[in-house]
Amino acid sequence: MKRVFISSVALSVLGLAPAFAQRKATIQNVPEIPFTTAPNFLKLPPGEYMGEAVAVATNSKGHVFVFHRSHNNRLFEFDRTGKFVKEIGSGFLGFEFAHSVRVDKDDNIWTVDEGSNMVTKFSPEGKVLMVIGRRPLAVLGVLPVAPQPPNRTAQKYEFCRPTDIGWDPQGNIFISDGYCNNRVVKYDKDGRFVAQAGSEKAGSALGEFNLPHGLQVDLQGNVWVADRTNNRYQVLDNNLKPIREITDVGVGWTVCVSGGPHQYVFFSNSNPNGNMPGTWDITGEIYKAELDGKVLGRFGRPGKAAPGFQVVHMIDCRNPNEIIVGEIESWRAQKLILKAPSGNSGAQ
Amino acid sequence: MNITLHILTVTLSGGLLAASALAQNSAPEIKFDSVPNAIQLPAGVYLGEVAGVATNSKGDIFVYTRTGHPTVTIGTMRPFAHGSSRMFQFDRTGKYVREIGKDTYGFMTAAQVRVDPADNIWAVDEMSNMVMKFDPEGRVAMLLGRKAEAEFIPPRTPGGDGAGQPTDLFNRPTDVAWDAGGNIFVADGAGNARIAKFDKDGKFVKSWGKRGTGPGEFANVLSIAVDAQGNVYAGDGGNRRIQVFDNNGVFKTAFSNFGNAQAMCITKGANPVLYVSNSNPWNDIDVAGEIYRMRPDGTVLGKFGRAGRLLKEFGAVNSIDCRSESTLFVGELANLRVQKLVLH
C-alpha cells in the first residue's frame, strides 16, 4: 500500500469536516416535550477542561463517564451529583480520538476510539479487562490523505474507525464499525467473532450501512443502528438480520435505548458540523419513541447557549426522564429533565 | 468447523504436509495455569502492547511495552518523532518497582527486552532502530544502532528492502541474545532479514542472511536465542521455521512444524529446552496461538494454550521468558498484558 507524507497543510484541511446536506425530518405534528436543563452539572477540578464531549454514559450508581477529545483524549468519572471522582486511562494506548463510551450491566466501562481502532473494556475501577482491535504501529507510518486507498475487506477482529458499542442481556457484544468499514459486528462475551451485517462497502439496502454512527441493543436483543449517511435508523434482530428502518426522524446521528422495564428509544437529528444559513432552523431536535416506532414527542434545538444543542453526539438515557447529552461543538454535557408532552409543537 | 476442515486437509493431502500436520497435532498437551494478577500496576499506569518481558537473576520482571501516543513535531522542514513506548520493572511478587528509561531518546516502538547473565537489561526498539543496554541500576551502558535524525512518515523504506545490510545500523530489529563469551547477536529483523554479530564491547563483527527462502536466508527474523555451545537459533517467522547456525553464522540445520516462532526462549542447564510460540496474528483469535516445548534439535515435546482473550489464552505472544523451565512469563501484543504461566 502506498503511503505518503502528510503535510501540515493537508492535516489542517483534514481537520475541517466537510459540510453535507442535512435532511429535515419528515415526521409531522410531533408533540413538544418541555424540559429544563442543567448545563453545568459536571464540576471539573480547577485547571481541568472538557474537550469535545462526544461520549457520555452513566453506570448503575448514577456516576457519569465522559470520554472527550482534549489535548490528549481523556475519560473522566463524576458521581451522581456531578462531583469529579477520577480520571481513567490517562496515557492509555487505546485513547487517540474518542467516539463512544458505554457502561454494561455489570458497570464495566467500554470505550470506542476511532483514532486507535480499539475497543476497550475497563473494570468499574478502571482496570483494562479486554481489548478488541489494534492501534496501527507508529513504525508503519500513515496512510495518504488523498487519494484514499479502497477499503480493505472487513476483518473479523479489525476495525476501521469504529463508532459505538452495545450488549444484549446475554453479554454478547455489538459494535458499529464505522467510518471506513460499513458494518455491525457481533462478538460473544469473550470477544470471539459471531457474525456481521454490512461489510467494508457502503450500501443503502436493508442490512447495509453508510456510516453506522451509533448503536444500542434493547432487552429483546434487537440492535438499533444510527445509519447516518443513509439518513435513517435500522433495527436488526439478535443475529443481525434487518427487521425494519426508520426514515422520518432525520439524519441518524445517535440512538439511545432507555433502561427497563418499559424501554423508550431516543433519536437525534443533530445539527451537523458545517452549517449553511438556515440549517439550524430544520435540525437539532431529539425524538422520543416507543420501541415499536411510535414517536411520542420531540425536544431541543440548536444553539450555542444552553438549552441549545451544538451537535449532540451521544445520549445517555438510562433514566428516560433525565437524560444526558454530550455535544461536540460546545465542549459540554447537559443534563435534561423531561416533562410530560404539552400538546402539539406545530413544528417546522 | 475448523477441526473438521483440518482433518479433511490432512486426509486429502499426501506425504510431507500430512506428516508434519499430524506431528503438530499429536504433540501432547501440557497442563498449565496462569497466575492471576501476576503483575500489579500502580493507579494511572497502563500497559500497551507487551512486546517484551524478561526476568533478572533476582526474579525482578521487566516489561517493555508500546504505550502509544507517538508525537511528531515539525522543525527545520522535517518531522521529528518522539516517544510511545515505556519500560517498567516489577519485583518477583509482581509489585511495581519503577520505570526505566522514561522519555529516553530511543523508546519508540518496543520490540523486545532481555536480561543478560550480569543482569543488564537490553531493550530492542524497532522504530528508533536501536538496541539499548541498561545496567541493573537502569543507567544507559551501551547503545547499538542510531535513531534516524528526522522521521520520514512513512519510513523511506517501509518494511525494509530485506538486504543483508552490511553496516551496524538496523532496520526494525526484533530481538537480542548473547553467547557465553558475551558476544551480542541482534535479530534484524522485520525490515532487514539478517543477523548481526557484535563482540561484547559492541564492536560490529559481521552479519549474515538476506531475504529469501533458502538455507541462511530469511523471510524475517522475529526471534533469536543462543545455547550454551554458542549455536544461534533464529526464528524465521515468515518461512515458518527455525534455522540454527554456529557461532560464526555457518548454517547447520533448520526445523519446522511449529508455526511462526514469533517468540522463542531457550533454558539454561545441561538439558536445555526451547519454547517457541506459534503466535496468532493480532487480528485473528481463531487460529494458532499455541506454545511448543521442544528439544534444541527440533523434537516437539508438547504444547499448550490457544489464541483468545481469557486467562490461559494468548493474544499474539511476542516474548517468552524461561529463566525457570516450569514458570514462564509471556508478553502479549493483542491482550496488552503479561501472563505468568506455571507448567505442570
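Predicted model: local features only at pLDDT ≥ 70, side-chain atom pairs only at ≥ 80, totals over all residues.
1. Start with the pairing of strands β8 and β9 in chain B. Strand β8 (residues 110-115) of chain B runs antiparallel to β9(B), and five bridges join the two.

2. Next, the turn. β8(B) and β9(B) make a hairpin, with five residues between the strands. Within that turn, D119(B) has a positive phi of about 70 degrees.

3. Now the other partner of β9(B). Strand β10 (residues 130-134) of chain B also pairs with β9(B), in the antiparallel sense, over five bridges. Here I121(B) stands opposite F134(B) of β10(B).

4. How many residues of strand β9 (residues 121-125) of chain B are buried? Five of the five are, so the strand is largely enclosed by the rest of the structure. A residue counts as buried if 20 or more other C-beta atoms lie within 10 Å of its own. Both faces of β9(B) are covered. On one side sit I121(B), A123(B) and D125(B), and on the other W122(B) and V124(B); all are buried.

5. Last, the contact between the chains. Chain B gives 31 residues to it and chain A gives 26 residues. The side of chain B that touches chain A comprises 15 nonpolar, ten polar and six charged residues.

Note on methods
Residues numbered from 1 in each chain as written. Chains lettered and ligands numbered in written order. Contact = placed C-beta atoms within 7 Å. Nonpolar A, V, L, I, M, F, W, Y, C, P; charged D, E, K, R; others polar. Buried ≥ 20, exposed ≤ 12 C-beta atoms within 10 Å, placed from the backbone. Helix = DSSP H or I, 4+ residues; strand = E, 2+ residues; numbered from the N terminus. Pairing = 2+ DSSP bridges.
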